[in-house]
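Please have the sequence and the model at hand while reading.

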Amino acid sequence: EYSAGHTSPAPSLYEEIELSTRQFIPTGAHMVSGSAQGRLLTTLASMSREGRVLEVGTFTGYATACFLEGSANAAEAMGRPSSGGGDGDGDAGESTCE
């Protein structure tokens with residue numbers, strides 16, 4: 001109860017993933033991370049160095065989406081270009097999480 005009461009709401013994408021999982025894989029729906037854990041994963045990923053995260057063993061993509069959201073925040077904070085336009089430092093060909 002405490003963590004649910006002190007966790008910021010997740011974007012609607014996560015609710016859609018949860019509903020789709022319940023609909024298409026009802027026996028595995030209990031394996032979805034959920035809102036509180038998802039927000040924690042997003043926060044942890046945003047603290048990673050330059051937004052680098054290794055995700056192994058994804059199920060329906062809930063945790064992966066959380067990692068992507070957090071790592072994109074970290075990559076932006078580190079000054080990575082988000083549009084692929086390049087900033088003159090020679091890495092214009094790198095892709096980002098957006």
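Helices are DSSP runs of H or I with at least four residues, numbered from the N terminus. The model described here is predicted.

## The nonpolar core

Which residues make up the largest nonpolar core? Its 10 residues are Tyr14, Ile17, Val32, Leu41, Ala45, Tyr62, Ala63, Ala65, Cys66 and Phe67. At least two residues of this core come from each of helix 2, helix 3 and helix 4. Helix 4 gives the largest share, with 5 residues.

Tyr14 belongs to this core. Leaving aside residues up to four places away in sequence, Tyr14 touches Tyr62, Ala65 and Cys66, and also Arg39 and Glu69.

## Salt bridges

Side chains of opposite charge can pair when their charged atoms come close. How many salt bridges does the structure hold? There are 2 salt bridges.

One of them joins Arg22 and Glu18, with the closest N and O atoms 3.4 Å apart. This counts as a salt bridge because the cut-off for such a pair is 4 Å. Both residues lie in helix 2, which covers residues 12-24. Arg22 and Glu18 are 4 residues apart, or about one turn of the helix. Arg22 is partly exposed, with a relative accessible area of 46%. Glu18 is partly exposed as well, with a value of 22%.

## A link between two helices

Glu69 and Arg39 also form a salt bridge, and here the closest N and O atoms are 2.8 Å apart. Glu69 lies in helix 4 (residues 62-77) and Arg39 lies in helix 3 (residues 35-46), so this pair ties together parts that are 30 residues apart in sequence.

Are the two partners buried or exposed, or in between? Arg39 is buried, with a relative accessible area of 12%, whereas Glu69 is partly exposed at 24%. The two fall on either side of a class limit because buried means under 20% relative accessible area. Tyr14 touches both Arg39 and Glu69.

Definitions and conventions: Residues are numbered from 1 along each chain as its sequence is written. This is a predicted model: local features need pLDDT of at least 70, side-chain atom pairs count only at pLDDT 80 or more; totals for chains, interfaces and linings use all residues. Side-chain values use heavy atoms; hydrogens and water are left out. A salt bridge is a side-chain nitrogen of Lys or Arg within 4 Å of a carboxyl oxygen of Asp or Glu. Buried means under 20% relative accessible area, exposed over 50%, partly exposed in between (1.4 Å probe, protein chains only). A nonpolar core is a set of buried Ala, Val, Leu, Ile, Met, Phe, Trp, Tyr and Cys residues joined through side-chain atoms within 4.5 Å. Contact means heavy atoms within 4.5 Å.
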